[in-house]
Amino acid sequence: MERTLIGKPLVAGSAEGRAVVSTQPLSFWGGLSPRTGEVIDRRHERSGAIVTGKIFVFPRGKGSSTSSAVLMEGIRAGTAPAAIITARVDSILALGAIVADELYHKTVPVVVLSQEDFDSISEGDYLVIEPDGRIKVRPAEGKWA
Amino acid sequence: MSISLTVKDRRKLSGQYGGAARLAMSILIRMAEVYGAPELMDVTQAHIDGCALMCDSGLEFAETLVARGARVSVPTTLNMIPLDLQNWRRQRISSEFANKANRIASAYTEMGCVPTWTCAPYQGYLTPRFGQQIAWGESNAIVYANSVLGARTNRYGDYMDICAAITGRVPKSGLHLKRNRKGQILLRLADIAPQLLRDDTLYVALGHFMGGLVQEKVPVIEGLPVDATGDQLKALGAAAASSGAVALFHALGVTPEANTLKEAFQGNTPESVIDVGLSDLRRAWSELSTADEGVKLDAIVLGCPHFSYAEFQQLAQAIEAEGGRSLHPGLRIIVLTSQTSYALLQRGNFMNTLLDFGIEIVLDTCVLHSPIISSDAEVMMTNSGKCAYYAPGELGVQVAFGSMRDCVRSAIEGAVCWGRTVWKGP
């Protein structure tokens, strides 16, 4: 069954894909490789996951101020997530997407959800993000079985 | 939401101040919406982290700004870059990599930035004043500027820093405003022995613990000694800004906005009060290492953030305390620093102690950004919480965290060596 969440778009755009979900914050620099799209923070619960082309759902950024550069480089190189959904406004990640948008005219939407809506997204859910921040959620197969 | 712009802001946005100011202003206005800021405000200094990462997009952004006539409008310092500009030829770095790094360096100096090339700008040139409104990048520098100096900056990410430097403007929000600088969480150091409160390692363990606990909130630490050094607070902040998103902490009686608890919390009650005991700090200490005692080391890295003159002095003392024992053959011990600290070191009287032991001094850069350490390296040791946090991901190594003395002893043994330490537990 499809449902719709209403988020706040920090960087507005359209995207769709499968959700890669984490409950832990992540610093993109030192935590995500712009060469491979792999989560490389070896202390992170999703270490080894590839987020390229996925909707990366995690509560917030942390750590390095180079995280915006890592996101922009991932967007340039085509390794970035298709979109980012967080539970808190993360200005550094929004910045990376905004500068990439200005420089390359490539948009990776960044949307903030309420904690409750954020928690309702599961690994593998298929998400469709609209420019106004609406997110259609199709549950991963077998979720309701 | 609409942002209220001044006439001058509008002129910058419409291109009357050139193409670079226009691009910078349009990024700042989009960021003002992200921050929910009603207007922009002036900053009088900037520190640029956008030069740190070796990547094509960062180079392209910087060169685009130069091509559009960018010029910084406030005094602006530069973070470390991915190259030791003076010594790279001796470090087996490819000329392609060096050329790109040199182009990044040229672009930022062309814009009028001061070539400080350091991640510890607060220990060099243009140290901000108390209350000064600044736009700083580099997580460890941000937390130091806010907490220890009492200057005011948000956690600015790469490329917004240069936009602020060009326009002299930032969104009026966050830690620029006094009301957002109040403490939120009180951390009380409970039952920590006085001699341990003077141990450098405590500051790293506390920072690592605190960052993971408070994330983006403003913690107030009660119980640090009033004579905690700048280098200790630098280590604390760097660790907290790695395990968490800390941009400002207060330490009661130590940092300038926390003379009393009332002042630190601006008269409010803490959201929560947490007692931090030795067991919490021991856990944080052990989390920082992924390598075990006795494992053979390939490299030891000190100077994350960049070493100060005082830290060089401390290192020389740690080496002298080993009574002439020498560095294990084949093991590298690298110290990262700025040209500014290096200039002082050259005039000090202990440089030979360091060089005779085999210390390699690397300027301007960072082992996590410049290929200084061989990609074959498997295990490294550091006295830095920040380096210990990021090295496993960035370098693919196992890491051991220890004090400066642990690092020197391990350098002699050639293997991770903590000896008898209070941190390992009873």
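Reader: Where in chain B is Val399(B) placed?

Author: We're looking at a predicted model: local features need pLDDT of at least 70, side-chain atom pairs count only at pLDDT 80 or more, and totals for chains, interfaces and linings use all residues, while side-chain values use heavy atoms, leaving out hydrogens and water. Residues are numbered from 1 along each chain as its sequence is written, and chains are lettered from A and ligands numbered from 1 in the order in which they are written. Helices (H or I, at least four residues) and strands (E, at least two) are DSSP runs numbered from the N terminus. By that scheme, Val399(B) belongs to strand S14 of chain B.

Reader: Is Val399(B) buried or exposed?

Author: Buried means under 20% relative accessible area, exposed means over 50%, and partly exposed is in between (1.4 Å probe, protein chains only). Val399(B) comes out at 0% relative accessibility, so it counts as buried.

Reader: Which residue of chain A is in contact with Val399(B)?

Author: Contact here means heavy atoms within 4.5 Å. Setting aside neighbours within four places in sequence, Val399(B) is in contact with residues including Leu288(B), Met380(B), Ala388(B) and Pro392(B). From chain A, the list has Arg43(A).

Reader: Two of those are in H14(B); how many of the 11 residues of H14(B) are buried?

Author: The buried residues of H14(B) include Lys386(B), Ala388(B), Tyr389(B) and Tyr390(B). They pack against H5, helix H7 (200–214), H8, strand S10 (299–307), S13 and strand S14 (398–401) of chain B. H14(B) is largely enclosed by the rest of the structure, because its buried residues number nine.

Reader: And which residue caps the N-terminal end of H14(B)?

Author: Just after H14(B), Gly396(B) takes a positive phi of about 65°. At the N-terminal end, a side-chain oxygen lies 3.2 Å from the backbone nitrogen of Lys386(B). The residue that provides this cap is Ser384(B).

Reader: Which residue meets the side chain of Lys386(B) in a salt bridge?

Author: A salt bridge is a side-chain nitrogen of Lys or Arg within 4 Å of a carboxyl oxygen of Asp or Glu. The count between domain 1 of chain B and domain 3 of chain B is one. For Lys386(B), the N to O distance is 2.6 Å, and the partner is Glu138(B).

Reader: How much area do domain 1 of chain B and domain 3 of chain B bury between them?

Author: An automatic or database assignment sets the domain bounds, and chain B is split into domain 1 (7–174), domain 2 (182–287) and domain 3 (299–424). The contact draws on 24 residues from domain 1 of chain B and 17 residues from domain 3 of chain B. Buried area is the accessible area (1.4 Å probe) that two parts lose on being put together, summed over both. With 53% of it on carbon and sulfur atoms, the value is about 1,500 Å².

Reader: Which backbone oxygen does the side chain of His369(B) reach?

Author: His369(B) sits in the loop between strand S12 (359–363) and strand S13 (379–382) of chain B. With a relative accessible area of 11%, His369(B) is buried. It touches both chains, with Trp29(A), Thr66(A) and Met80(B) among its contacts. At 3.0 Å, its side chain reaches the backbone oxygen of Ala52(B).

Reader: On to chain A: how many residue pairs are in polar contact across the interface of chain B and chain A?

Author: The two chains bury about 3,400 Å² between them. There are five salt bridges between them, and Arg88(A) and Glu216(B) meet in a salt bridge at 2.7 Å, N to O. A polar contact is a pair of N or O atoms within 3.5 Å; within protein, one must be able to donate a hydrogen and the other to accept it, and residues adjacent in sequence count only if both atoms are side-chain atoms. With both residues at pLDDT 80 or more, the number of pairs is 24.

Reader: Which element gives the largest share of the side of chain B that touches chain A?

Author: The elements giving two or more residues are helix H2 (19–35), helix H3 (56–67), helix H5 (139–149), helix H8 (230–243) and helix H14 (385–395) of chain B. The largest share, seven residues, comes from H2(B).
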